[in-house]
There are 2 protein chains.
Amino acid sequence: MKRYEQLADDIAHSIREGLLARGEKLPSVRQASAARKVSPSTVFQAYYLLEARGLISARERSGYYVSGGTQHLPPLPEPDINSTPEATQVDVSELVFEVLESTRARKVVPLGSAFPSPLLFPMARLAKTMAACVQAMDPWRSVEDISPGDAELRRQIALRYMIDGLQVSPDEIVITNGALEGLNLCLQAVTQPGDTVLIGSPTFYAALQAIERNGLKAVDVPCHPRDGIDLAALQRALELHKPTACWLMTNFQNPLGSLMPDDKKKDMVTLLARHNVPLIEDDVYGELYFGDQRPKPAKAFDTAGLVMHCSSFSKCLAPGYRVGWAAPGRYAKTVERLKLTTTLATSVPAQITLAGYLKKGGYDKHLRGLRHTLLLQQIKFVAAIERHFPAGTRLTSPSGGYFLWVKLPDGVNSLELHREALKNGISIAPGPIFSAHKGSTDYVRLNYGHLWSDEMEGAIAALGQIIHRLSMRSA
Amino acid sequence: MKRYEQLADDIAHSIREGLLARGEKLPSVRQASAARKVSPSTVFQAYYLLEARGLISARERSGYYVSGGTQHLPPLPEPDINSTPEATQVDVSELVFEVLESTRARKVVPLGSAFPSPLLFPMARLAKTMAACVQAMDPWRSVEDISPGDAELRRQIALRYMIDGLQVSPDEIVITNGALEGLNLCLQAVTQPGDTVLIGSPTFYAALQAIERNGLKAVDVPCHPRDGIDLAALQRALELHKPTACWLMTNFQNPLGSLMPDDKKKDMVTLLARHNVPLIEDDVYGELYFGDQRPKPAKAFDTAGLVMHCSSFSKCLAPGYRVGWAAPGRYAKTVERLKLTTTLATSVPAQITLAGYLKKGGYDKHLRGLRHTLLLQQIKFVAAIERHFPAGTRLTSPSGGYFLWVKLPDGVNSLELHREALKNGISIAPGPIFSAHKGSTDYVRLNYGHLWSDEMEGAIAALGQIIHRLSMRSA
């Protein structure tokens, strides 16, 4: 355990024991540094960590205080869980493509991007590993590593499952071209055109596009911004719509950032199993937690082989390498064969490089640094939004990932904001791209995974001004 | 032009001018070497080249003779082009998977493999290029090289089209995870479940699997073993079945090895355009020609934007890298977006490596060597088959690629041969995996792309014995 983690644990202990009361001011960084005989930066990091865990909060130009459960910005409202949504044909792709294309120019400030900054990743070390791995590569790997994929990489992934307390055999794992291919293959493995699929609302747009492309119908199930899908609504949807599959993100959901507690995951898996409905679990952000340990995937509670767990290295280690995987339970063979007949194999140099990197060790160290960076980024972005966005703004403060879900003040339309922001060289992700009904018009998703800078501060200030102007006009 | 090519051209000229008559014996290698003042190996290579062009043929222990148009083994029969096939649901995958899996163990002699030997490719040089490219890689490539793909790679591919006389803009090119992904995306771009697709018969099984997976119906159009699809039968099928698309391999078709002449390609493109039917053109073997120049793709004759040309580097440069592309004419944007929503991007290290390799030069030199090797391989395999297979065997002698299509003696069933051969550690590709109706039961496809050796000779001898035994039993 690092020094700052130890310090944070000590302070957390003091708070739990009541030595530090709610609302009480913590020692200044200078005081704590002197008293504990640690560097000021260690204290800073400990305070950041405690803030991320919700135990303390910063007040501008004043210092840190023990949290009383309140936040500077009010939290998001709960979703309406009593609505009974219809199964709908999805038609969101045009809008998604328009937004995606707007985020690709390098000069646009990428608050609307789906990717974290590539500068957060050990690209140089990966390149070195790749150089070594491909120069030593047995040419026959090019034949033998076709679907289900490189044996050593599947073994390394199975080992990581084991460390997280899951029993997943290498034989169940299919290496895919990023998690996106895995999710798409899993969906194809368990559905036929015309079938109904349950999704969270709001949801990651790739799920909407896959449903649209495969001629399926979507049923929205409301998600809470803090702890994910509403189980009562899920149960009603299961009974009413007889879906063939359910596609969800359990950890740091995109766009909400919600994290399902373990008990809730277990109840959900049990509920779905009772209806014999496979769960396509998108868990690409699971490693990006700010708490004490990796949140479990729903697959940890699966006893029926119905949970198809998909993840990748794209968001936490090797963007652009396009290496992900599916652990599709009882559908493993079907997914392996779908992969074989659609893209045959994942790029072998990329597969053996990741196998080599994982085998050598150092991934967990990188992840610790990455989590810490993302946490600091969140703190800076949230503070800037507090400084610059007008009253009436509300937002999440997720305990992992790199997205904020922001409710705009009344009367501000996020699609209009998207267009106005783009004129100012700033991209955002407007709410309707996360909705089968193009709803969530008063929400935007902001990416805090790009490095904080004066330019970023300027962009958030400019965004605040545009929101202010749009809200004035509507008042 | 190399010395042996010059020598071959001189001899070809002599044959055309009648200086060397049909059936006449050529000078021995030693004689020619002395007379022409070139090395014996130059003469050997020139004779091989002339043999591949069908101008001369070797008689065992006797030497080379000017061809009279006859071959030692009789050619394949023409297909029955007057049948009017029904549109059929396809259900061939199980059989294909069984055969594919049988070819993956390294100890099995891979005559049934779809891949050439990985030892034929410049893996060391590619690895060196990859090391240099990834170590110099701009991290933002991981974001910018998502579909349609790396700009420099698309430019290099467009340049190669230009050299072959085709005008294809880099903007039309979508980089894919091998040609297989390109073909699948093109099919999805132009069809809906229930639609009818024309395919060659026999055909590459991936086309059958894609049709099966996408809920489409297939109509077989007979293919000639020498010059490909029958145009009269194609026209009847177009009129009768109103297909939504046509999926064909124009150059060195898998499994036939047939090569459509340019005029025929042009007529086919015109015919399809008249019916407004897009052509999905699989051209992965086009670079593996043994003649004077690369055969044109059908796309060279497309004026309506209806030809979706797909190819890759997997069969001619970089197996396992999984880099291919589609040039889908008027459907380019649709294919680009399908790629974006299914696999997002092709592995960026693989993309930039191929771009770097192509930019540096040396690809054409590698290809010349590869073609020469494959041609020599074909000669050795055909000679061995002549030595070991029983009378009644017939086979193709394609002018490119690495497949032989072999008709077994009457009464020998290729599925039975497949099972018997596998017991002897030899894989073959039985005819039914290339047929929507599990037809072609008396044919097998043999791969001559694995290096000739005593073990290979032994495998062909063993195969010949099994065929002999099976044909005796049926007699």
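Predicted model: local features only at pLDDT ≥ 70, side-chain atom pairs only at ≥ 80, totals over all residues.
Next come the sheets. Strands of a sheet are held in pairs by backbone hydrogen bonds, and the pairing may be parallel or antiparallel. In chain A, four strands make an open sheet with antiparallel pairing, and their order is E12-E13-E15-E14. The edges are taken by strand E12 (394-395) and strand E14 (429-430) of chain A; each has a single partner strand, so one side of each has no neighbour in the sheet. Further in, strand E13 (residues 403-407) and strand E15 (residues 443-447) of chain A run antiparallel and are joined by five bridges. One residue pair to look for here is Leu404(A), whose bridge partner in E15(A) is Leu446(A).

Chain B also has an open sheet of four strands with antiparallel pairing, in the order E13-E14-E17-E16. Strand E13 (394-395) and strand E16 (429-430) of chain B are at its edges, and because each has a single partner strand, one side of each is left without a neighbour in the sheet. Two bridges pair E16(B) with strand E17 (residues 443-447) of chain B in the antiparallel sense. Within this pairing, Ala429(B) has Arg445(B) in E17(B) as its bridge partner.

Within chain A, helix H3 (residues 40-52) packs against helix H14 (residues 363-388) at an angle of about 75 degrees, and the axes are 10 Å apart. An angle from 65 to 115 degrees counts as roughly perpendicular, and H3(A) and H14(A) are therefore described in that way. On the H3(A) side the contact involves Gln45(A), Tyr48(A), Leu49(A), Glu51(A) and Ala52(A), while H14(A) contributes His372(A), Leu375(A), Leu376(A) and Ile379(A). Sorted by class, the residues of this contact are six nonpolar, two polar and one charged.

Helix H8 (residues 178-190) of chain A meets helix H12 (residues 332-342) of chain B at an angle of about 90 degrees, with 7 Å between the axes. H8(A) and H12(B) are therefore also roughly perpendicular to each other. Leu180(A), Glu181(A) and Asn184(A) of H8(A) make the contact with Leu340(B), Thr341(B) and Thr342(B) of H12(B). The classes here are two nonpolar, three polar and one charged.

What do the two chains share as a whole? In total, 56 residues of chain A contact 56 residues of chain B. Together the chains bury about 5,000 Å², with 62% of this area on carbon and sulfur atoms. Of the area that chain A buries against chain B, 14% comes from Arg104(A), Arg106(A) and Arg337(A), more than from any other three residues.

Some backbone details remain. The peptide bond from Ser147(A) to Pro148(A) is cis, with omega near 10 degrees, and Pro148(A) sits in the loop between helix H6 (141-144) and helix H7 (151-163) of chain A. In chain B, the bond from Ser201(B) to Pro202(B) is cis, with omega near 0 degrees. Pro202(B) belongs to the loop between strand E6 (196-201) and helix H9 (205-213) of chain B. Finally, Phe252(A) is not a glycine, yet its phi is positive, at about 55 degrees. Phe252(A) is in the loop between strand E8 (245-249) and helix H11 (262-274) of chain A.

Terms used. Residues numbered from 1 in each chain as written. Chains lettered and ligands numbered in written order. Heavy atoms only, no water. Pairing = 2+ DSSP bridges. Axes fitted to C-alpha atoms, helices over the stretch in contact; angles between N-to-C directions. Parallel < 35°, antiparallel > 145°, perpendicular 65-115°, else oblique. Contact = heavy atoms within 4.5 Å. Nonpolar A, V, L, I, M, F, W, Y, C, P; charged D, E, K, R; others polar. Buried area = accessible area lost by both parts, 1.4 Å probe.
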